[in-house]
Amino acid sequence: MTITPGSIDPIFERLSSVDSRLWSGIFFGILGLYTLAVVLEARTYSSDARLFPLIVGVPFLGLVVLKLVLMAASGRLSLGSFEVIDLADGMGETAAVDVTPAVRYRREFAMILWIVVLSALLWAFGFLFALLVFLFSFVLLYERKPIRAALVGVGTFSFVYVFFIRLLGANIYEGAYPIAVLGALL
Amino acid sequence: MTELFTAIDLLLPLQQTGDPTEAIRIAIDTVLTPRNLVYILLATLLGLVAGMFPGLGGPVALALLIPITYPLPANVALMILAANLGGTAFGGSITAILLNTPGDAPNAATVFDGYPLTRQGRAGEAIGASATASALGAILGVILLVATIPFIRQLSVAFHSVDIFWLALLGLATIAVVTRGSVISDLIAGGFGLILAFHGLNPVTGSARFTWDFDYLLSGVPLVPLIIGVFAIAEMIKLMGERSTISQEEPDIKGVLVGVKSVFRNWKVFLRSSSLGWIIGTVPGAGGTVANFLAYLQAKQTDPDPDSFGKGNINGVIASEAANDAKDGGSMVPTLGLGIPGSASTAVLIGAFVINGVSPGPLLFRENLQIVFIIVFALIISNVLTSIVGLASAKYLIKVTQINVTTLVPIVVIVGLIGSFVIRGQFSDVLLTVGFGVIGFFMVKFGLSRVALIVALVLGPLAEQNFHRAFQISRGDPSILYNRPLSLLLILGIVLVLAIPLYRSRRASRT
């Protein structure tokens, strides 16, 4: 069975049809639970060490609960619908792009997957090899232009090598399985 | 090469008399040597480029330069480092404006209006304003530094621990006022930042907190990898969802000049922000984050149209960047006067002083006054250079906003992850960046301010440590919190910061 973007769209369509307050609730709930753990842990510390965590943690928990209650009440009180993306922050400036929420979620999920795969590549083979493989395959997959993909990979590799390694003398992570080891194994 | 520099050292002797005229002459001779001018140019360009990469700006670029400058004479080495420092602050504003990713925490407030301007196709205007405000702010900061040399010691010790505690609270209070989201969401984001700030070894109480048996967390949650995660990585995930260029509008090349002019047109905002930045810069440890935010807040509060802030008001960029660069001159006051770093960058600079056999503090002004002036001249030259390079390259820089995201995103992601690694050389920092990239993405989705998170993470430890220090000094007497005039002034500032928006909204609802 081949997974194509179109074949998994129904999953994201279903996800996008779920009341967004549920996702918000899960996110704020996790924040609240972690803070609860912090508050409980803080009680085991000395008075000086626990003072600030408790001063911040307890009201923070109250704020999270208040946020959850307001979200839950907004539906029943008809205070207005919740947008999945809240632009009020000013930080979430979003372009007026004509894509359905399901497509947007699928693309965002794919990008998160790319980053996770990149992290694994980085850990295993280090920055320089992972950089080339990641950039080439990413640009090739999305733009279908092998020469452009190679140019982006080699150009970025050259910049990183010259700027970080030669000029600044920075040590770049070589990976848990450096390429030399991989080559010997093969 | 070392012999050559030894010979040059003989021509440029270290000053021993403390005579300002002699010190200035030696400083000019050092800085205006053609080769040293080239060094300044290279250091400035390096600072500018490093500042553009989240994680490499300020202290990291300086730290990486120290081994390179080590073989050089002290005068030249410190000149290069000062020039590098001058270049990094503006570099951080470029990514804040173009990619919604501040180069460092002190550029955080620049994203509020810089990025909306970019999305409106006005990136050139924002960069023009940032370059001009940065350069002029830095020059004003340096002029104020020179003017205060006669009483630098008194200024350096003006702020006690308790004042720094109140100043940090003043910075934290801006979270509820500056950001545009719901107050509850902003406070939750700020609270989350504070909770993160409590992780790790507390230097005052000596206890390791919330490490959950991970040695990695002993040194706390590292700031720069977190910034790269919540801004750069999160922004790239979001852009891939939209699959469009950053700006839908064709960038306006002529806007650069409009941005330059806007600084002169809004000279009151510039002067107020620079002065505020400089004063806060003199407070050891407070650094640019407080300066950046308070300057932004005052610009918003004094503007006839405060609601336009956060939607692309050029004064937001001017205020933030003028304060950020002016604070460098201010932070030199405690750095040079007492040997107490005024910011993270100047902490590294102090290390460079020591490595080069120069002791910052009162003796510096008696025995090596020429170094003070070399730093002053290097900062002025580097800031002018940075501004010129920034303005000249703006038309090329803004093309980033037109690059296809499928090309831009992977480059930003990989360079961001490299930036998060090189600071401490720990792969765990890369994983933390990725983790906070996902958290930052959900913060955008659910309307939580990432800037509030960063401000709280920076200022939380500052508030806590100075609170405990103040109580240790007073042997537990709580009256220390309010028995100094400066403390009372700062408390009044907090009350005003919180009350003015309430007053305005009540007045607006009546009318």
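Residues are numbered from 1 along each chain as its sequence is written, and chains are lettered from A and ligands numbered from 1 in the order in which they are written. Because the model is predicted, local features need pLDDT of at least 70 and side-chain atom pairs count only at pLDDT 80 or more, while totals for chains, interfaces and linings use all residues; side-chain values use heavy atoms, with hydrogens and water left out.

**Stop 1: the interface**

Select chain A and chain B together. The contact (heavy atoms within 4.5 Å) draws 81 residues from chain B and 70 residues from chain A. Between them the chains bury about 6700 Å², 77% of it on carbon and sulfur atoms; buried area is the accessible area (1.4 Å probe) that two parts lose on being put together, summed over both. Next pick B:Phe427, B:Lys445 and B:Phe446, which supply 10% of the area that chain B buries against chain A, more than any other three residues.

**Stop 2**

Show A:Glu108 and B:Lys445. They form a salt bridge, with the closest N and O atoms 2.9 Å apart. The rule (a side-chain nitrogen of Lys or Arg within 4 Å of a carboxyl oxygen of Asp or Glu) finds one salt bridge across this interface.

Helix α19 gives the most to the side of chain B that touches chain A, with twelve residues.

**Stop 3: a patch on chain A**

Which residues form a nonpolar patch on the surface? Select A:Ile11, A:Leu15, A:Leu22, A:Trp23, A:Ile26 and A:Ile30, with about 540 Å² of accessible area together. Patch members have over 30% relative accessible area and no salt bridge, and nonpolar side chains (Val, Leu, Ile, Met, Phe, Trp, Tyr) are joined within 5 Å. Helix α2 of chain A gives the most, four residues.

**Stop 4: a pair within one helix**

Finish at B:Glu235 and B:Lys238, a salt bridge with closest N and O atoms 3.2 Å apart. Both lie in helix α11 (residues 223-242) of chain B, three residues apart, about one turn of the helix.

Terms used. Helix = DSSP H or I, 4+ residues; strand = E, 2+ residues; numbered from the N terminus. Patch = residues over 30% accessible without salt bridge, like charges linked within 9 Å, V, L, I, M, F, W, Y side chains within 5 Å. Areas by Shrake-Rupley, 256 points an atom, 1.4 Å probe, with all protein chains shown as cover.
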